[in-house]
Amino acid sequence: MKLEKLKMLAQDVMQWSNCDTAWLDHSEDEPAAVVGHIDEDGVTYPVATIDCDQYYAAQDSLKLAKFYAASNPGEVLRLVRAVEVYGAERDHARACYERATRILTGIHALLYPPRFTDHDGRTWQFKSPLCEEQMQELSDRIRSLPDELSAINAAKNETPNSN
């Protein structure tokens with residue numbers, strides 16, 4: 001089920017969020033697992049009876065009732081909201097990471113390739129005809145690192161849009 005559909009379904013029944021308790025109802029001949037609300041005076045307000053007998057697992061009725069009670073609309077909406085916030089935080093962290101990667105990759109692209117030695121034992125080194133320009137650009141990029149890192153930290157500390 002899609003998260004938005006789950007959110008919509010929970011919002012449609014928010015008035016039932018207080019149905020967050022499960023218990024065994026002994027008022028009939030056979031005890032029944034019930035989901036509902038128990039007020040501060042101990043008065044029970046059953047909403048659903050869980051009967052697993054038809055599935056050959058009667059002992060699971062109370063376990064299933066407790067699960068249903070725990071997944072009440074208020075709790076579902078809280079979890080959906082957490083997923084939305086964590087998703088926004090993940091996207092924000094990814095954007096910060098990608099920005100830092102672009103900065104460092106840009107600097108790395110200006111560096112000379114490493115020296116290498118061929119099979120004859122000769123060592124080769126690349127010398128750029130644009131050395132002065134490249135060194136100046138490298139120097140400028142390195143000097144801009146503190147500002148770029150500050151911008152990344154500022155972006156990291158912003159609260160992601162969690163609407």
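V83 sits in helix α3, which covers residues 73-109. Keep in mind that this is a predicted model.

How exposed is V83? Its relative accessibility is 45%, so V83 counts as partly exposed. Together with L3 and L6, V83 makes a nonpolar surface patch, and the three share about 210 Å² of accessible area.

That brings me to the helix pair. Helix α1, residues 3-12, packs with α3 at an angle of about 145°, and the axes are 9 Å apart. The crossing of the two is left-handed. On the α1 side, the contacts include L3, L6 and A10. On the α3 side, P73, V76, L77 and V80 are among them, and so is V83.

Now the charges. The count of salt bridges is eleven. I will take three.

R78 pairs with E75, with the closest N and O atoms 2.7 Å apart. Both are in α3, three residues apart, which is about one turn of the helix. R78 has 47% relative accessibility, so R78 is partly exposed. E75, at 27%, is also partly exposed.

R90 pairs with D91, and here the closest N and O atoms are 2.8 Å apart. Relative accessibility is 46% for R90, so R90 counts as partly exposed. D91 is partly exposed as well, at 39%.

Last, R99 and E148, with a closest N to O distance of 3.3 Å. This pair links distant parts of the chain: R99 is in α3, E148 is in helix α4, residues 131-157, and 49 residues separate them. R99 is partly exposed at 30%, and E148 is partly exposed at 26%.

Notes:
Residues are numbered from 1 along each chain as its sequence is written. This is a predicted model: local features need pLDDT of at least 70, side-chain atom pairs count only at pLDDT 80 or more; totals for chains, interfaces and linings use all residues. Side-chain values use heavy atoms; hydrogens and water are left out. Patches are made of residues with over 30% relative accessible area and no salt bridge: like charges are joined within 9 Å, nonpolar side chains (Val, Leu, Ile, Met, Phe, Trp, Tyr) within 5 Å. Accessible areas come from the Shrake-Rupley method with a 1.4 Å probe; for residues, only the protein chains shown count as cover. A salt bridge is a side-chain nitrogen of Lys or Arg within 4 Å of a carboxyl oxygen of Asp or Glu. Helices (H or I, at least four residues) and strands (E, at least two) are DSSP runs, numbered from the N terminus. Buried means under 20% relative accessible area, exposed over 50%, partly exposed in between (1.4 Å probe, protein chains only). Axes are lines fitted to C-alpha atoms, for helices over the stretch in contact, and angles run from 0 to 180 degrees between N-to-C directions. A crossing is left-handed if the near helix is turned anticlockwise from the far one by less than a right angle, and right-handed if clockwise. Contact means heavy atoms within 4.5 Å.
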